[in-house]
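Welcome, and thanks for taking a look at this one with me. Below are a few notes to read alongside the structure.

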Amino acid sequence: NPEKDMSRADIADLSVEKAVVMMLPCKNMQHMNGKTVPLVVGGGGTFIDAPAELSNLRRVDPVSVAEQAATPLFRNADGSAITEAQVRSTIQALMADEGAVGADFGAHSLRIGGATALYRAGASHVDIMTMGRWSSDCYRLYVRSCLGHSVDWSRRAASTPVDYTAAVDEYKQVDCY
């Protein structure tokens, strides 16, 4: 369904620096008609370079301008859109290849991984919400603690002097609030 599903025509801008793909708004903003939300992704990432991959997609699977709106953004060899079940199966197989329990992963793992990577990179909550198309703080359910981040923060905590206010006579220690 070109009105709902992502198509080749939804690539609004593509360069080495960035890709802009138009998407539907978040779930609670369905009153907005059409694909009104630009997903902007920078190029040149060490692990993922979405603009380079979209450029490669255009090279290996070209589509005429006239066919773009009816062509799924990501499609199978027969032209049909790649389904959520196919994404889930692929993720599970990749994770099993890495030694993890594949069944513990699914398509939503991509949202979790994206939110977690943004958080770990130091993105603000506004950036995480914008890139994940969340209109509330439910994005916090997706962010996972990272081992390296936990190690860094625990090392900082273990190296930070703390003034214990109960040792000062003017203050009474409060055991319960």
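1. Of the 177 residues in the protein chain, 20% are buried. Please keep in mind while reading that this is a predicted model.

2. Let's turn to the overall layout. The protein chain has five helices and three strands. As for contacts in the protein chain between residues at least 6 apart in sequence, 43% of them join residues at least 24 apart.

3. Is Ser7 buried or exposed? With a relative accessible area of 4%, Ser7 falls under the 20% limit, so Ser7 counts as buried. Leaving aside residues up to four places away in sequence, Ser7 touches Lys35, Gln68, Ala69, Thr71, Pro72 and Leu73.

4. Val16 is next on the list. Val16 belongs to the loop between β1 and β2, where β2 spans 18-23. Val16 counts as exposed because its relative accessibility is 68%, and the cut-off for exposed is over 50%. Which residues does Val16 touch, not counting residues up to four places away in sequence? They are Gly43 and Pro51.

5. Now for a pair of helices. Helix α3 (residues 108-120) and helix α4 (residues 125-132) have axes that come within 10 Å and cross at roughly 155°. Angles over 145 degrees count as roughly antiparallel, so α3 is roughly antiparallel to α4. The crossing in which α3 passes α4 is right-handed.

6. Who makes the contact between these helices? On the α3 side, the contact uses Arg111, Ala115, Leu118 and Tyr119. On the α4 side, Ile128, Met131 and Gly132 take part. By type, the residues in the contact of α3 with α4 are five nonpolar, one polar and one charged.

7. Finally, a word on aromatic rings. How many aromatic pairs are there? The count comes to one. The partners are Trp134 and Tyr142, whose rings lie 4.8 Å centre to centre with 40° between the planes, a tilted arrangement. Trp134 and Tyr142 are both buried.

Notes. Residues are numbered from 1 along each chain as its sequence is written. This is a predicted model: local features need pLDDT of at least 70, side-chain atom pairs count only at pLDDT 80 or more; totals for chains, interfaces and linings use all residues. Side-chain values use heavy atoms; hydrogens and water are left out. Axes are lines fitted to C-alpha atoms, for helices over the stretch in contact, and angles run from 0 to 180 degrees between N-to-C directions. Helices (H or I, at least four residues) and strands (E, at least two) are DSSP runs, numbered from the N terminus. Angles under 35 degrees count as roughly parallel, over 145 as roughly antiparallel, 65 to 115 as roughly perpendicular and the rest as oblique. A crossing is left-handed if the near helix is turned anticlockwise from the far one by less than a right angle, and right-handed if clockwise. Contact means heavy atoms within 4.5 Å. Ala, Val, Leu, Ile, Met, Phe, Trp, Tyr, Cys and Pro count as nonpolar, Asp, Glu, Lys and Arg as charged, and the others, Gly among them, as polar. Rings of Phe, Tyr and Trp (its six-membered ring) pair if their centres lie within 6.5 Å; planes under 30 degrees apart count as stacked, over 60 as edge-to-face and the rest as tilted. Buried means under 20% relative accessible area, exposed over 50%, partly exposed in between (1.4 Å probe, protein chains only).
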